[in-house]
Amino acid sequence: MTKQVGIIMGSQSDLPVMAEAAKFLEEIGIAFELTVVSAHRTPERLVEYARSARSRGIQVIIAGAGGAAHLPGMVASMTSLPVIGVPVKSSNSIDGWDSILSILQMPGGIPVATVALNGAKNAGILAASILGAHDQELGARLDAYKATLAETVLKSAEEIET
Ligand code: RP5
């Protein structure tokens, strides 16, 4: 199965957060690749990854990083694939604002779809939604997933309603 989503992160220490994206993609049945690419410590690897992603069959990139989180933006600067940025709250973080603002405040022309702090699950869902726009079967699976969310809320409402 061709890997359609590329998940990258600045450090192995980001994995506990980024694994949530992988978990969702696995559940919904989308093949993905996952690796570490550091914008600052492995810049050549970053260029190679971004430039080769489309030709390897990747359609969406999820990039997570913390601190001076330049990975998603730099990847977005080198590919026309959609890039979803996950701000990771790393240990030296200023409450996560460093990661959020580094990823969110992109200059005009180079968008990064930024999810919430540590919001890797939503990044997985968003990547699936992008692919699902042109894939009816996947779209139906996403609709079914959203229906389970509604059911959970309705069930909890019933439980507490007086
Ligand atoms: C960023 O710095 C990484 O994305 C990570 O969130 C943070 C800490 O990195 P390490 O100290 O684990 O290398 O580059």
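Colleague: Which residues surround the ligand?

Modeller: First, a word on the source: this is a predicted model, in which local features need pLDDT of at least 70, side-chain atom pairs count only at pLDDT 80 or more, and totals for chains, interfaces and linings use all residues. Residues are numbered from 1 along each chain as its sequence is written. A residue is near a molecule if its C-beta atom, placed from the backbone, lies within 6 Å of it. Here the ligand is surrounded by Gly-10, Ser-11, Ser-13, Asp-14, Ser-38, Ala-65, Gly-66, Gly-67, Val-88 and Ser-90.

Colleague: How many residues of each class does the shell around the ligand have?

Modeller: Ala, Val, Leu, Ile, Met, Phe, Trp, Tyr, Cys and Pro count as nonpolar, Asp, Glu, Lys and Arg as charged, and the others, Gly among them, as polar. On that scheme the shell has two nonpolar, seven polar and one charged residues.

Colleague: What is the order of the strands in the sheet?

Modeller: Strands of a sheet pair through backbone hydrogen bonds, either parallel or antiparallel. Helices (H or I, at least four residues) and strands (E, at least two) are DSSP runs numbered from the N terminus, and two strands pair if DSSP finds at least two bridges between them. This sheet is open, with five strands in the order β2-β1-β3-β4-β5 and parallel pairing. Its edge strands are β2 and β5 (113–114), each of which pairs on one side only.

Colleague: Which residues stand opposite Ile-7 in β2 and in β3?

Modeller: Strand β1 is joined to β2 (residues 32–36) by five bridges, and Ile-7 faces Leu-34 there. Towards β3 (residues 60–66), β1 again pairs in the parallel sense over five bridges, and the partner of Ile-7 is Ile-62.

Colleague: Is strand β1 buried or exposed?

Modeller: A residue is buried if 20 or more other C-beta atoms lie within 10 Å of its own, exposed if 12 or fewer, and partly exposed in between, with C-beta atoms placed from the backbone. Five of the five residues of β1 (residues 5–9) are buried, so the strand is largely enclosed by the rest of the structure. Val-5, Ile-7 and Met-9 point one way, while Gly-6 and Ile-8 point the other way.

Colleague: Which elements make the right-handed unit?

Modeller: A crossover is right-handed if, with the strands pointing away from the viewer, the path from the first strand over the helix to the second runs clockwise. In this model β1, helix α1 (residues 15–28) and β2 form such a β-α-β unit.

Colleague: What are the contacts of Gly-64 beyond its neighbours within four places in sequence?

Modeller: Two residues are in contact if their C-beta atoms, placed from the backbone, lie within 7 Å. Gly-64, in strand β3, touches Met-9, Asp-14, Val-17, Met-18, Val-86, Val-88 and Ala-120 in this sense. Gly-64 counts as buried because it has 30 C-beta neighbours inside 10 Å.

Colleague: Where is Asp-95 found, and is Asp-95 buried or exposed?

Modeller: Asp-95 is found in the loop between β4 and α4 (97–104), and with 9 C-beta neighbours inside 10 Å it counts as exposed. Its phi is positive, near 60°, in a residue other than glycine.
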